[in-house]
Amino acid sequence: MPESEYNFAEIEKKWQAKWKQNNLFAADDRGTKPKCYVLTMYPYPSGVLHMGHVINYTIGDVVVRYKLLRGFDVLSPMGWDSFGLPAENAAIRTGVHPHEFTEKNIARMTEQMHRAGWGYDWTREVATSHQDYYRWTQWIFLKFYEKKLAVKKTAPVNWCDSCQTVLANEQVHDGSCERCGSKVFQKDMSQWFFAMSKYAQRLLDGHEQLRGKWPEAVIAMQQEWIGKSHGAKVLFKIKETGDELPIFTTRPDTLWGVTFMSLAPEHPLIEKLVKGTEHEERVMKAVKEMRAQGTSEKDLADREKVGVFTGFHVVNPVNGESAPLWVANFALMSYGTGAVMAVPAHDQRDFEFAKKYNLPIKAVIVPETGLNESVMTEAYVDPGDMLFSGPFTGDNNVEAMPKIIKWLEEQGYGQGTVNFRLRDWLLSRQRYWGAPIPIIYCDKCGTVPVPEKDLPVKLPTDVQFKEGGGNPLARSASFVNCVCPKCGAAAKRETDTMDTFVDSSWYFLRYCDAKNEDAIFSPEKIKRWMAVDQYIGGIEHATMHLIYARFFTMVLHDLGLIDFDEPFTRLFCQGMVCKTAYYCNACKWLHESDVAFADGAAKGQKCKKCGGEVTSEMTKISKSKLNIVDPDVMFDKFGADTVRLYMLSDAPPDRMQVWSEEGISGAWRTLNRLWTLINKSLDKLSPVGEPLPTQLNSKNVDLRRKTHQCIQKITDSIEGGFQFNTAIARCNELLNMLRGFDKPVNPAVLREVLETVVRVFSPIVPHFAEECWEKMGHAESIFTAGWPEADPKVAKEDVIEIPVQVNGKLRARITLAADADQEKMERAALADEKVQAQIAGKEIVKVIVIPGRMVNIAVKG
């Protein structure tokens with residue numbers, strides 16, 4: 001290959017080796033420069049990078065390199081969320097131990113990361129499945145346990161009998177286990193929880209620190225997830241037994257309209273009431289069916305509302321009326337008390353349920369025109385006057401709300417309260433490949449925490465992985481059988497492991513002091529680096545990982561281990577990478593090669609397999625939809641820098657990125673044109689360091705002006721939300737101006753222009769930029785050269801174009817000296833021919849001049 005050709009394979013390999021040799025990304029714990037901790041969410045080591053990884057880690061790397069150029073000490077670590085069910089599934093399927101499977105995948109993905117040119121301080125690498133990491137995960141659990149924030153209690157869980165394990169809602173699809181396809185049902189089990197509900201208000205309050213720095217969508221999603229509601233807790237009673245049944249309602253104004261009560265299928269009162277009665281078999285059968293359904297909010301929203309009458313009734317305290325007690329699949333044990341008062345006249349879900357089961361409808365809030373329950377087609381949910389509502393009859397329901405709560409308290413019927421949807425975090429998992437919970441059970445001493453000196457509680461190696469065999473830890477005698485650390489008697493270990501979200505709730509802290517063998521981290525190093533200045537990851541983590549990490553940080557703050565309570569100062573959520581997917585009704589999802597295109601058009605595609613019509617849709621890149629893009633193939637064909645440039649050039653990085661072969665080919669051509677331009681210009685450049693001449697012709701002055709305007713616009717684009725596509729566009733405008741230059745460019749100006757382009761491009765295409773920088777005569781890395789500074793005097797325009805409005809409508813544009821004062825602007829505007837035509841014969845009432853911006857002339861007549 002001739003030297004003038006862009007040989008990306010050699011160039012990228014060369015500079016990756018130099019960065020490693022020069023420790024370009026080694027973070028300085030004792031540095032004196034301002035710090036910047038840039039963190040991208042670490043991956044699960046699946047074994048191969050996908051394009052979602054590429055956009056995420058490319059954005060992070062661009063920010064890291066930009067901050068290096070801006071003079072910061074940057075911490076950019078990488079690690080692995082390496083516990084989890086996929087490795088255990090692989091062990092069942094192939095017999096390969098999860099540790100071996102995971103380490104092999106880590107090695108493969110590390111190689112891919114190096115190839116992509118992403119810069120990390122690899123001396124801080126962590127893997128959550130390594131003993132030197134999960135030792136401290138267990139230590140944190142013990143600290144939570146000491147503060148009664150780690151508790152064991154009975155709770156309903158999604159249970160797969162085939163896999164013998166608890167499943168998160170996200171692992172249940174259409175009522176079946178994603179792992180084996182078996183039907184999932186709900187089961188009451190004794191489980192470990194973190195008492196996260198105690199921090200609900202704190203988590204909400206913390207959003208005030210994050211506003212303007214986190215996407216508003218993420219804050220809104222977290223607020224919805226935490227779900228703060230103001231209302232009243234009201235005590236109903238079971239008519240037949242006298243048992244109290246507390247309910248929470250945000251609508252105490254509708255208490256007089258209750259016509260039935262709904263219990264969540266998991267409510268413990270159900271079995272107590274029906275046991276031994278004529279209703280037991282009928283009710284418990286229905287309850288079992290309801291508990292076999294999914295429990296996610298999407299499942300609840302989509303499914304048909306069903307219920308069963310328990311045979312019992314409740315007494316309404318506000319009017320003494322009796323109402324039937326039902327079990328309904330839309331009532332949630334995780335919200336309020338698990339009992340929901342039903343007011344079908346004023347709640348649409350209750351209305352539909354009442355119509356289905358022929359239950360009474362009683363209107364107690366009416367508009368001025370009144371309501372007739374017998375002809376209602378939907379619930380009335382607007383404000384109105386209260387009816388049949390005791391002392392509040394005739395009052396406006398909204399205005400009466402606080403008075404009703406006060407009255408309930410005075411009568412002893414209930415009290416005003418705040419309810420949160422957020423519940424305690426269920427962390428128990430009946431799996432092998434996770435951090436063992438450091439608890440021992442002794443017949444004499446009860447529940448005993450493992451002493452800190454005995455950490456880590458190590459995962460045993462004498463385990464067998466088999467389909468449907470349940471938790472392998474429970475079958476390991478060497479693991480289960482132990483000695484009580486209190487009394488020395490024979491005891492048993494806890495066999496549940498922790499949810500992998502526990503590992504990711506503190507990993508960002510360990511990066512600050514990853515090799516510390518004596519403590520979870522050094523306070524000095526935490527003070528040096530935390531909080532994370534810029535966190536980057538997908539918005540899909542808004543309501544789990546990001547809430548869990550905030551909760552952990554708050555608890556560690558309260559334990560006195562850190563002096564801040566929000567872990568991530570700024571958050572950026574990248575968009576999805578999408579590509580066209582093709583679907584044939586007969587053959588299902590098709591690879592692009594199986595589609596016959598009609599004249600290259602989007603319409604009329606035929607399936608090569610069966611000849612049937614093919615439909616296409618833009619969708620997230622996915623193996624299941626056969627529209628996968630392999631990063632390695634792209635790196636082989638175009639090089640890492642071309643992939644990086646393409647993924648950042650088409651749209652803002654928080655928007656959907658559309659992948660196309662045409663698009664990446666365009667990025668390849670862009671780099672090659674710039675490569676050619678720089679190589680052809682090398683013998684025309686002034687020597688490195690030679691100052692610019694004091695006198696330049698107007699064309700060179702214009703080129704310098706455009707260069708410094710470009711620097712300012714690109715800096716603003718990056719600082720104002722990582723608008724890399726705008727930065728790339730500004731560079732291309734400058735290059736187009738240079739290419740269109742009709743006179744020789746001054747050698748010093750040419751160097752300034754090309755060096756500016758290479759420097760501002762360098763975070764995006766770092767290998768390419770390093771090579772060009774070296775070719776232009778520089779010995780040091782471009783990332784030590786600093787970010788170019790725009791000179792306002794050079795960037796300032798000599799003349800500017802000013803819009804002129806007449807009565808608020810644009811009528812002309814005038815060209816003036818950039819420093820023209822108000823008087824000159826007014827005179828020029830009034831003298832313009834187009835303006836003269838608009839104001840002829842009219843009285844000028846007022847002339848408003850905004851210097852350097854616009855002129856507005858107000859006339860009448």
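**View 1. Helix 20 and its buried residues.** In this predicted model, helix 20 has Ala-640, Asp-641, Thr-642, Val-643, Arg-644, Leu-645, Tyr-646, Met-647 and Leu-648 tucked away as buried residues. That makes nine of the ten residues in the 640-649 stretch, so the helix is mostly covered. Buried here means under 20% relative accessible area, with exposed over 50% and partly exposed in between (1.4 Å probe, protein chains only). Helices (H or I, at least four residues) and strands (E, at least two) are DSSP runs, numbered from the N terminus.

**View 2. Strand 1 beside strand 2.** Strand 1 covers residues 35-40, and five of its six residues are buried. Strand 1 pairs with strand 2 (residues 73-75) in the parallel sense, over three bridges; pairing takes at least two DSSP bridges between two strands. Look for Tyr-37, whose bridge partner in strand 2 is Leu-75.

**View 3. Strand 1 beside strand 26.** Strand 26 (residues 534-537) runs parallel to strand 1, and three bridges join them. Here Leu-39 has Tyr-535 of strand 26 as its bridge partner.

**View 4. The whole chain, for context.** Stepping back, you'll find 28 helices and 37 strands. The C-alpha trace spans about 100 × 85 × 65 Å along its principal axes, and 52% of the 861 residues are buried.

**Notes on the views.** Residues are numbered from 1 along each chain as its sequence is written, and side-chain values use heavy atoms, leaving out hydrogens and water. Because the model is predicted, local features need pLDDT of at least 70 and side-chain atom pairs count only at pLDDT 80 or more, while totals for chains, interfaces and linings use all residues.
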